[in-house]
Amino acid sequence: MIQKLLIANRGEIAVRIIRAAREMGIATVAVFSEIDADSMHVRLADEAICIGPAPSVKSYLMVPNIIMAAKSSGADAIHPGYGFLAENADFVRHCDEAGIIFVGPSADAIDRMGNKAQARATAQAAGVPVVPGSDGVVETAADAAQFADEVGYPVLIKASAGGGGKGMRVAENADELEKQFTAAKNEAAAAFGNDEAYLEKYLAKPRHVEFQVLADSAGNAVYLFERDCSIQRRHQKLIEEAPSPALTPQLRKKMGEAAVALVKAVDYVNAATVEFLLDKDGKFYFMEMNTRVQVEHPITEQITGIDIIKEQLRIASGEPLSITQDDIELDGHAIEFRINAEDPAHDFRPNPGRIDQLIVPGGFGVRVDTHCYPGYLVPPTYDSMIAKLVIWAPTRDEALARGARALAEMIIDPIKTTIPFHQAALRVDDFIAGDVATDFIETHQIDIEDEG
């Protein structure tokens with residue numbers, strides 16, 4: 001078993017990992033930038049090491065600094081969390097060279113599935129349905145236009161090395177294509193240092209449904225059911241729920257088995273999420289695989305009773321899965337509300353600043369994952385998510401009611417947050433009915449109350 005774990009991340013996910021490790025008797029090392037010196041993960045870890053100034057390119061993305069911190073602290077493993085270096089194959093290779101366990105997949109698996117064009121080809125070879133798309137990377141706008149003429153508009157332009165909605169554009173017609181193609185490539189180059197892009201046929205009003213998979217080094221793999229992540233803004237998820245209201249038991253089994261087949265096709269080890277688009281006719285198509293733990297992993301934990309972070313640590317330690325597919329049962333319904341330091345009444349404008357008052361909800365079936373506390377200064381430097389409100393109940397209707405109650409109890413002052421958006425979404429009839437798609441925000445009247 002891993003003896004000492006360095007967490008190469010910050011915020012709520014660093015806190016989440018520290019807590020799991022502590023319960024397993026694993027010592028922890030936090031790394032932090034200068035602006036994060038007072039963050040909760042620094043306070044909770046057994047040790048903490050500053051790795052640079054506030055900009056992530058000078059701290060959380062500085063591989064030499066993180067490797068040096070691991071070596072100097074005697075950590076024998078590194079958990080990357082999500083974002084930053086979590087899907088960086090070169091970082092994994094540096095860990096390997098330093099004799100440090102990387103809590104995640106191999107560099108080869110990340111290379112193979114992290115490049116979306118290559119992942120698509122891998123899925124096709126594994127017999128997993130894919131959206132009609134280009135044959136690999138599209139080099140020029142003229143090539144993009146030729147593909148679009150063949151499959152018909154609209155088309156989706158996606159960065160091969162992308163993630164989090166970056167480097168993704170929709171072209172509704174030929175007049176838009178060149179502009180959107182260039183914009184996607186420029187954004188991808190700025191975000192990932194790689195401007196390669198490919199194209200897919202754009203599906204109208206699909207659901208975004210993803211399956212959580214765990215796989216060990218002995219070749220065993222299981223799926224922990226699905227999460228419906230259709231409530232998004234600019235491809236950024238805002239609300240997730242598990243299970244999906246749209247899936248039948250038969251479709252759930254079919255999609256879960258497809259996710260496991262893909263994981264096995266690349267000899268994948270550790271936690272992965274296989275993301276699908278689900279059309280209105282119940283047909284599903286592979287979208288991408290995330291080779292890391294997801295922000296929304298808690299709702300899967302709530303409906304299965306399986307601690308995904310602990311499973312990651314056990315798998316990284318060389319242990320086989322302690323569960324089989326038949327052991328995993330779906331229990332109740334869970335919803336995650338992402339609480340971001342943004343003003344939803346004004347186009348989700350970022351709203352960093354000091355939190356003077358923080359009151360988190362409680363009660364049966366309520367979980368709050370956060371790194372914040374009264375007096376904490378939310379920096380403008382990083383992602384705006386400051387908390388995750390996770391609700392569980394025996395049924396979806398009960399989960400919605402419990403979510404509304406918990407949101408009403410939650411107070412984060414004086415900064416503005418996405419709480420009013422979530423409260424407004426819970427009043428929309430289609431959301432209440434579970435009738436949603438990825439264009440939910442654009443196609444529905446969501447009356448957000450200004451916090452003033």
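Two strands are counted as paired if DSSP finds at least two bridges between them; strands (E, at least two residues) and helices (H or I, at least four) are DSSP runs numbered from the N terminus. By this criterion, β19 pairs with strand β21 (residues 385–393) in the antiparallel sense over five bridges. The model is predicted, so local features need pLDDT of at least 70 and side-chain atom pairs count only at pLDDT 80 or more, while totals for chains, interfaces and linings use all residues. Residues are numbered from 1 along each chain as its sequence is written, and side-chain values use heavy atoms, without hydrogens and water.

**The sheet**
- Eight strands form an open sheet with antiparallel pairing, in the order β13-β12-β9-β10-β11-β14-β21-β19.
- The edges are β13 (284–290) and β19 (366–370); each has a single partner strand, so one side of each lacks a neighbour in the sheet.
- On average, neighbouring strands are turned by 25° against each other, direction ignored (axes are lines fitted to C-alpha atoms, for helices over the stretch in contact, and angles run from 0 to 180 degrees between N-to-C directions).
- T370 has A387 in β21 as its bridge partner.
- Helix α1 (residues 11–23) packs on the sheet and touches β19 and β21, contact meaning heavy atoms within 4.5 Å; the direction of α1 makes about 110° with that of β19.

**The helix pair α7 and α8**
- Helix α7 (residues 141–151) packs against helix α8 (residues 174–192) at an angle of about 130°, and their axes are 10 Å apart.
- In α7, A141, A144, A145 and A148 meet L177, E178 and F181 of α8.
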